[in-house]
Amino acid sequence: MEKTSSAQSGISRRSFVALSGLVGAGFALTGCSPSEQAPTEAPEGAESAGETKAFAEVKGEPLAYDAMTWSACHVNCGSRCPLKVFTKDGTVVRIDIDSDGTDEFAPGQIYQMRSCVRGRTNRQRIYSEDRIQKPLKRVEGTKRGEGKYEEITWDEAIDLIAATMQDIKDEYGNDAFYIQYGTGVLGGTVSRSWHPDATMFARLMNLWGGYLRQYADYSTGQITWEMPLFNGDAWSNNEVTDLVNSKNIVLFGNNPANTRMSGSAMQYLLTQVRLQNPEATIVVIDPHLSDTAVGVANQWIPIRPATDTALVAGMIFYLKEQGKLDEKFIRDKFVGFFSDSFADDVKAAEPASNAFMGLDKSGKLTIDQDMSYEAYLAGTGAYEDTGEKTPEWAAAITGVPADTIRQLADLYVDGPTATIQGWGPQRHSNGGNTSRAIAMIAAITGNVGISGGGTGAREGVGGVPYAIATAIPTFPEKNTVDVCVSFFDWYHAIEDYQSMNDATWGVRHIDETGATSYAEEPGTIKLKAPIKFIWNYGSNVMMGQHADINDSLRIYNLPDEKDSGVRMIVTVDPWMTPTAMVSDIILPGTTPFEEDDLTTGGTAWTGFVCCETAAIEPLFESKPVYEICTLIADKLGIKDEFTEGKTQLDWVEWCYDQGIAAGDDLPATFEEFREGGLFKQTDDHEPAVAPAPEEMATPSGKYEVFSKQAYNLSQQWDLTCGGYVPDDGRDQITGLPIWYDHFEGYGDPLRKDYPFQLIGHHGKTRTHSSYGNVPWMNSVAPQQCWINDGDAAELGIEQDDAVIVSTERGRSQMTAKVTNRIMPGVVSVPQGAWYDPESRDAATIGDPSVLDRGGCISVLTSSRPTPISKGNGVHSNLCKIEKA
Ligand SMILES: Nc1nc2c(c(=O)[nH]1)N[C@H]1C(S)=C(S)[C@@H](COP(=O)(O)OP(=O)(O)OC[C@H]3O[C@@H](n4cnc5c(=O)[nH]c(N)nc54)[C@H](O)[C@@H]3O)O[C@H]1N2
Ligand SMILES: Nc1nc2c(c(=O)[nH]1)N[C@H]1C(S)=C(S)[C@@H](COP(=O)(O)OP(=O)(O)OC[C@H]3O[C@@H](n4cnc5c(=O)[nH]c(N)nc54)[C@H](O)[C@@H]3O)O[C@H]1N2
Ligand code: SF4
Ligand SMILES: [Mo]
């Protein structure tokens with residue numbers, strides 16, 4: 001194994017001199033330490049005008065600095081880039097990147113782990129005027145969301161939190177506590193905010209009896225549970241380096257040019273594949289002409305959102321009709337495809353345990369109709385009168401011309417053809433079926449288990465990982481709460497926990513190892529208490545990344561009664577985010593540059609570990625989360641168990657020790673490890689090919705085109721979620737991965753009033769809402785709604801006009817990006833912009849008529865859970881758009 005460390009290779013002073021002419025050397029910032037800074041003043045130079053001045057003054061001058069330390073960007077973009085931090089007089093004067101190693105795409109190469117441009121703007125985050133300086137308490141009598149706060153001391157804050165926790169525990173037990181999903185500090189180890197069960201809050205709460213846990217996540221809510229219905233696995237795919245062996249590469253809604261931007265991540269690798277495999281046909285299927293499509297693709301196939309299932313049906317119809325499918329292979333390896341074997345297939349696909357879902361304990365859920373895919377394609381059996389699923393039929397739904405569907409299908413039988421789906425396609429109200437259908441077209445055409453092919457899951461980017469520990473023990477075995485909810489459904493547990501069980505809201509049992517399971521008898525796994533207390537760390541979910549902000553505001557302001565209404569929301573964040581503004585207590589958190597920690601990552605042939613050293617003292621009165629949890633633990637009488645006598649730096653050393661014990665090739669002493677900062681390793685392995693296992697992790701052990709598990713759920717579950725969702729037939733669970741008229745999809749009659757399908761792709765200037773308050777980033781690309789130029793012309797909307805996008809749930813203002821890079825009838829509002837209501841008046845809080853001026857899509861999206869996964873179908877919205 002080959003290795004480098006920046007300590008070994010050294011950083012020459014010359015390179016600083018050369019760089020300083022290119023990048024501004026930063027704020028002339030003084031007086032930021034707590035002792036010097038008046039707590040209510042914003043740091044000098046925080047505003048962009050000040051920055052421009054500072055830049056002009058230093059342009060061309062060598063960077064003067066006292067120290068360089070390693071840190072990392074911890075946000076959740078898929079990378080965790082190491083960053084060099086230069087300080088002078090206790091102030092960060094420059095953020096720089098890892099520039100050791102190569103760009104060469106080949107086995108055994110050690111790449112540069114270059115950060116994207118966001119990472120380089122971190123001085124504007126550290127010294128942002130949004131920094132929270134002192135603990136804050138919501139002014140009594142005001143509503144959550146009004147944003148009225150008073151400063152309190154740390155002692156007062158900790159006392160109040162601990163006392164409220166004790167009251168809630170006495171009244172409700174540990175079931176009433178929730179650690180919110182939050183990925184703002186995903187890259188940290190001691191400071192990590194995700195997975196919630198791996199955080200310092202989890203450690204604290206488990207030592208104190210536990211909390212209500214969550215399953216799955218906002219990224220992969222549907223694919224996690226529903227692609228495995230087909231093949232038992234949502235994650236494996238060929239390593240992306242294997243794409244050099246592909247004849248065709250089909251990307252369903254995958255846009256790494258935005259979502260994998262670091263210097264070594266998927267977009268870089270894909271560009272290298274393009275260079276090394278110039279003959280490959282790369283096709284991007286996406287409602288918008290993404291930067292990935294612009295950068296590497298031969299063909300963009302614009303598709304109506306959430307219709308990929310119909311596209312796949314049209315392709316399979318055509319291939320079958322043409323005799324281009326291998327019937328023997330399908331009969332051997334698949335169940336539920338052919339009519340004549342359907343009855344036997346259903347028996348084979350019957351789940352035998354409740355480990356996953358849809359157990360038919362009574363054996364009553366027999367099927368006397370032909371529900372095979374063959375019947376579906378032909379419009380016979382259970383699908384009588386639905387017509388043949390010809391390419392022409394698919395064209396009418398997807399908006400993709402029939403000939404293009406046939407041409408795409410032919411690529412699949414003239415392979416090897418790699419299929420990669422992003423997670424946009426599954427973030428729809430019918431997204432689970434989409435994830436299954438995409439996997440099906442890859443498998444049924446024989447492209448799984450071969451070099452150059454792949455499974456249809458997201459790309460596998462590998463890396464050669466270090467064994468070093470990246471999580472501190474959190475004692476899940478001490479958690480006494482044995483049920484869990486979907487990541488998306490906590491809001492309902494504030495309002496009406498009694499309606500929540502496995503059959504209504506997908507509540508699951510969770511055991512001491514963290515494994516989840518379904519009920520043997522539908523309806524028997526129940527929540528035991530309302531959520532009364534929420535820890536909100538590294539998360540902008542509650543007022544940004546969840547959904548339906550107006551209805552959320554209503555829920556947060558429900559009175560604190562016996563069976564509903566939250567009592568305390570505590571936010572720990574460095575910045576005054578929209579979510580902070582619905583909290584009862586806001587605690588000033590640190591940025592990664594203000595604490596010691598550890599980050600690991602890597603891609604393709606390179607893995608890295610970065611030992612991070614605090615570059616500056618915590619600003620104002622902010623504290624690292626480890627210290628905050630220690631203070632609470634002390635109040636709760638469990639400090640010794642919580643800390644085990646260790647400081648944060650001791651825990652970093654503990655991680656290092658675990659790595660050494662597991663054989664990591666790192667320096668012999670922790671001091672040298674800290675000194676070196678960044679370590680990288682590689683090997684020269686062949687690109688990994690995801691196997692087509694003999695036995696899939698499905699009940700039948702085969703690919704399940706028809707899933708009896710899903711069918712059983714369709715019979716057992718109450719898709720109105722106990723009356724929360726109208727019984728309008730727009731949520732369905734189907735045995736086959738097929739298209740149906742789903743909630744706020746193309747076929748929804750609501751389209752008469754709200755004629756556009758609204759999606760929200762992940763943009764370049766932010767990672768979700770993180771970096772959303774960086775002036776440099778916002779100046780690069782303001783928040784804009786993408787609209788087709790033909791549609792815009794009809795509405796009299798011109799480039800950069802201010803527009804209001806509205807759904808039944810709210811109204812949001814931004815400017816228009818008028819372009820032919822988006823399908824007619826579709827608009828896209830990049831997700832993650834900060835909610836900025838025109839009014840925070842108590843009287844109108846949560847009223848859908850209140851205009852959001854921030855361009856925040858979560859004002860527009862729905863919190864209606866998806867039918868199987870009970871997750872976030874937030875790319876399925878019908879909207880209208882008008883000039884502001
Ligand atoms: N810059 C940046 N990078 C990020 C993030 C970020 O916020 N900013 N977030 C990170 C995280 S946590 C995640 S989970 C990933 C998210 O990665 P993804 O979930 O893959 O990202 P999205 O932009 O939601 O969706 C990808 C593409 O799917 C398209 N799409 C939407 N609906 C459909 C559909 O029905 N069919 C098809 N075929 N395509 C569709 C969208 O137009 C978009 O171009 O990105 C990560 N990287
Ligand atoms: N409509 C719509 N909604 C979506 C998505 C979508 O595609 N469309 N995507 C979903 C996905 S995939 C995800 S993963 C979620 C992500 O949702 P979140 O996990 O909420 O991600 P962020 O919006 O980045 O919020 C991170 C929070 O962490 C804070 N933070 C950042 N750095 C630090 C730090 O160093 N210290 C501390 N203490 N805090 C810090 C930020 O200020 C912010 O409040 O959003 C989901 N929401
Ligand atoms: S936002 Fe940019 S710098 Fe930060 S981890 Fe992602 S790619 Fe790296
Ligand atoms: Mo995500």
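Helix axes are lines fitted to C-alpha atoms, and their angles run from 0 to 180 degrees between N-to-C directions. The model shown in these close-ups is predicted.

**View 1. Helix 7 crosses helix 23.**
Helix 7 spans residues 200-207, and helix 23 spans residues 625-636. Their axes come within 9 Å and cross at roughly 15°. Angles under 35 degrees count as roughly parallel, so helix 7 is roughly parallel to helix 23. The crossing of the two helices is right-handed.

**View 2. Side by side: the residues where helix 7 and helix 23 meet.**
Helix 7 brings Met-200, Phe-201 and Leu-204 to the contact. Helix 23 meets them with Val-625, Tyr-626, Cys-629, Ile-632 and Ala-633. By class, this contact has 8 nonpolar residues, no polar and no charged ones.

**View 3. Helix 22 is mostly covered.**
The buried ones are Ile-549, Asn-550, Ser-552, Leu-553, Ile-555 and Tyr-556. They pack against helix 19 (490-495), helix 21 (541-545) and strand 27 (810-819).

A disulfide is a covalent bond between the sulfur atoms of two cysteines. Cys-611 is in no disulfide. The nearest cysteine sulfur belongs to Cys-610, and it is 7.3 Å away. Cys-611 counts as buried because its relative accessibility is 1%, and buried means under 20%. Cys-81 also counts as buried, at 9% relative accessibility.

Key
Residues are numbered from 1 along each chain as its sequence is written. Chains are lettered from A and ligands numbered from 1 in the order in which they are written. This is a predicted model: local features need pLDDT of at least 70, side-chain atom pairs count only at pLDDT 80 or more; totals for chains, interfaces and linings use all residues. Side-chain values use heavy atoms; hydrogens and water are left out. Helices (H or I, at least four residues) and strands (E, at least two) are DSSP runs, numbered from the N terminus. Angles under 35 degrees count as roughly parallel, over 145 as roughly antiparallel, 65 to 115 as roughly perpendicular and the rest as oblique. A crossing is left-handed if the near helix is turned anticlockwise from the far one by less than a right angle, and right-handed if clockwise. Contact means heavy atoms within 4.5 Å. Ala, Val, Leu, Ile, Met, Phe, Trp, Tyr, Cys and Pro count as nonpolar, Asp, Glu, Lys and Arg as charged, and the others, Gly among them, as polar. Buried means under 20% relative accessible area, exposed over 50%, partly exposed in between (1.4 Å probe, protein chains only). A disulfide is a pair of cysteine sulfur atoms within 2.5 Å.
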